[in-house]
Amino acid sequence: MLAYELQQFSFKADIKDSDMEIESISFFDTLPDYFMPQYAYLGNASDYFSSKDESGALILVHRYSYILLFPMPLEHAINRILRIFEKYQKWEADVRLACLSGNPYQSLADCCTEIFHNPVTISDPTGVLIGYTRSLEGWEPNEFWKELIETGLLSRELLFLEQTDRSGKKTDEWTSRPTVYHSALNTCLGAHFELDGEYVGGFAISEVLQPLTERDVQLAERFMALILDSGLFSRFDSQIMASDVMLRHALEGEEPNPDSVDYFVKKINTPPWYLIQIHFLKRRSDTLNKNIIRACKACRITNTVVEYGNDLVILTAQGKEELLLKKVIPTDDLKNYRIAISVPVDQFHQIPLALQQTQFALSEDSGTAEIVYCQSLAVRFFEKLLGNQGEEARMMVHPALRKLKEYDAKHKSDLYETLYVYLTHERNLVKTSQALFLHRNSLVWRVQRIQELTGLDLDDGELRKYLLYSYAVSGHSGEE
């Protein structure tokens, strides 16, 4: 920081910047035997160099780095350095105060804007904007920033577009260490806030007014350390918790606190939602998995995606599910997947129930890749739920069904199944005979025989419902 600030105002500076924090300034009139790493040393350059070229100059030394000041009186240099220390100490104090304010993320963004001289954003990991540069002298927001401020979303293209760092290494996502990235969209310094191994926020500085330097990287590291040390994310975790973390918790039956859910609903997704489960028909491919995740995050349709076992689970707004799938899975790739879409979900605590639906739909494997709406399997799902009831429910099964099973076992007939198909086809003789591959007259005989054995009045609507519930509680799915 000293190198950066002094370079602004000195006639000449030979800078080899250091990343070690300076605790204080020490002055020397003769060359010390050892330069302690926690101090910066200020003295006459002639005491440091044997060359006469540095006569009348001052030198600031920190470890193996130095700055030559030409020409600068000692008093002037001392005052300038003290002002630099005061500037950054005040900035750190402002950051700590911002963490305690009523709107901490916007206050932090305001602190950053002044010190970095470039527009900044603070977001949650999904790109929802929670703090951003509102104004900056000499800066005219471009279309990217206008859209950012209008939508409240940090560009997913910025977050997940393929980028290269300064070494030329390609990457498609940031890390917790501030790094300058270059992409087709822009150059930015980006990093994730990380807490207990989870990404809880994002921080970005766009290269707009001046080039991003190592000084910006070091300041960003200090800024992020101050925020994490303040406990801001633990105190405001309901406001900053990542939507993918919340979805994963929900799938495992762990509902976050009400404030977290409220933030999720307001900022991430407004119900009703659809839960989409994507199952790989072939052996799981990490590449395909990663491609879908990247496409979901880059998509302008609001969604939350997580890996769940060997599958992917996506939560998106009702009415957007088919369009989302078209955008994230190329038509030619649909053959690799089987996809289930739940009924609409209105409450966060219903997400595990939606997962049960999609898992059931995927278990009803037709052997082909397709998109299945759970609503189309609702009757089978009801039957499954009823079939999972305990002994108390099974005791209520109509005794006629047991009588028919016993008769079938003794006479090798199929009256039990015939009654089920007859009831599920609403006693339509044509449809029932087609489903059973029977002649109509044979079906009529079977129905009469059932009534003779059981005494059932099949014209009684309540009795018919009782019988269907009994089949369901018995675990009958219509495929036995």
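1. F116 is buried, its relative accessible area being 0%; buried denotes under 20% relative accessible area, exposed over 50% and partly exposed in between, with a 1.4 Å probe and protein chains only. The model is a predicted one, in which local features need pLDDT of at least 70 and side-chain atom pairs count only at pLDDT 80 or more, while totals for chains, interfaces and linings use all residues. Residues are numbered from 1 along each chain as its sequence is written, and side-chain values use heavy atoms, with hydrogens and water left out.

2. F203 likewise counts as buried, at 0% relative accessibility. Rings of Phe, Tyr and Trp (for Trp, the six-membered ring) are taken to pair if their centres lie within 6.5 Å; planes under 30 degrees apart are called stacked, over 60 edge-to-face, and the rest tilted. By this rule there are nine aromatic pairs. In one of them, the ring centres of F116 and F203 are 6.2 Å apart and the planes stand at 55°, so the pair is tilted. The two residues come from distant parts of the chain, 87 residues apart: F116 belongs to helix α3 (residues 104-116) and F203 to strand β11 (residues 198-206). Helices (H or I, at least four residues) and strands (E, at least two) are DSSP runs, numbered from the N terminus. F116 and F203 also belong to one aromatic cluster with W91, F193 and F223.

3. A further pair is formed by Y420 and Y471, whose ring centres are 5.0 Å apart with planes at 65°, so the pair is edge-to-face. Because Y420 lies in helix α17 (residues 415-424) and Y471 in helix α20 (residues 461-473), the pair ties together parts 51 residues apart in sequence. Both Y420 and Y471 are buried.

4. Helix α3 also contains Q106, which is buried at a relative accessible area of 8%. Leaving aside residues up to four places away in sequence, Q106 touches I130, G131, Y132 and R134, where contact means heavy atoms within 4.5 Å.

5. An open sheet with mixed pairing is built from five strands in the order β13-β14-β12-β15-β16. Its edge strands, each pairing on one side only, are β13 (303-308) and β16 (371-373). Two strands are said to pair if DSSP finds at least two bridges between them. Strands β12 (residues 273-280) and β14 (residues 311-317) pair in the antiparallel sense over six bridges, with W273 opposite A317 in β14.

6. Helix α9 (residues 243-251) packs on this sheet and touches β12, β13 and β14. Helix α13 (residues 351-363) packs on the sheet as well, touching β12, β13, β14, β15 (337-341) and β16.

7. The axes of α9 and α13 come within 8 Å and cross at roughly 70°; axes are lines fitted to C-alpha atoms, for helices over the stretch in contact, and angles run from 0 to 180 degrees between N-to-C directions. The two helices are therefore roughly perpendicular, a term that covers 65 to 115 degrees. At their contact, L247, A250 and L251 in α9 meet I351, P352 and L355 in α13.

8. Two non-glycine residues with positive phi deserve mention. K412 has a phi of about 55° and lies in the loop between α16 (399-411) and α17; at 78% relative accessibility, K412 is exposed. E426 also has a positive phi of about 55°. The loop between α17 and α18 (429-436) holds E426, which is exposed at 72%.

Notes:
Parallel < 35°, antiparallel > 145°, perpendicular 65-115°, else oblique.
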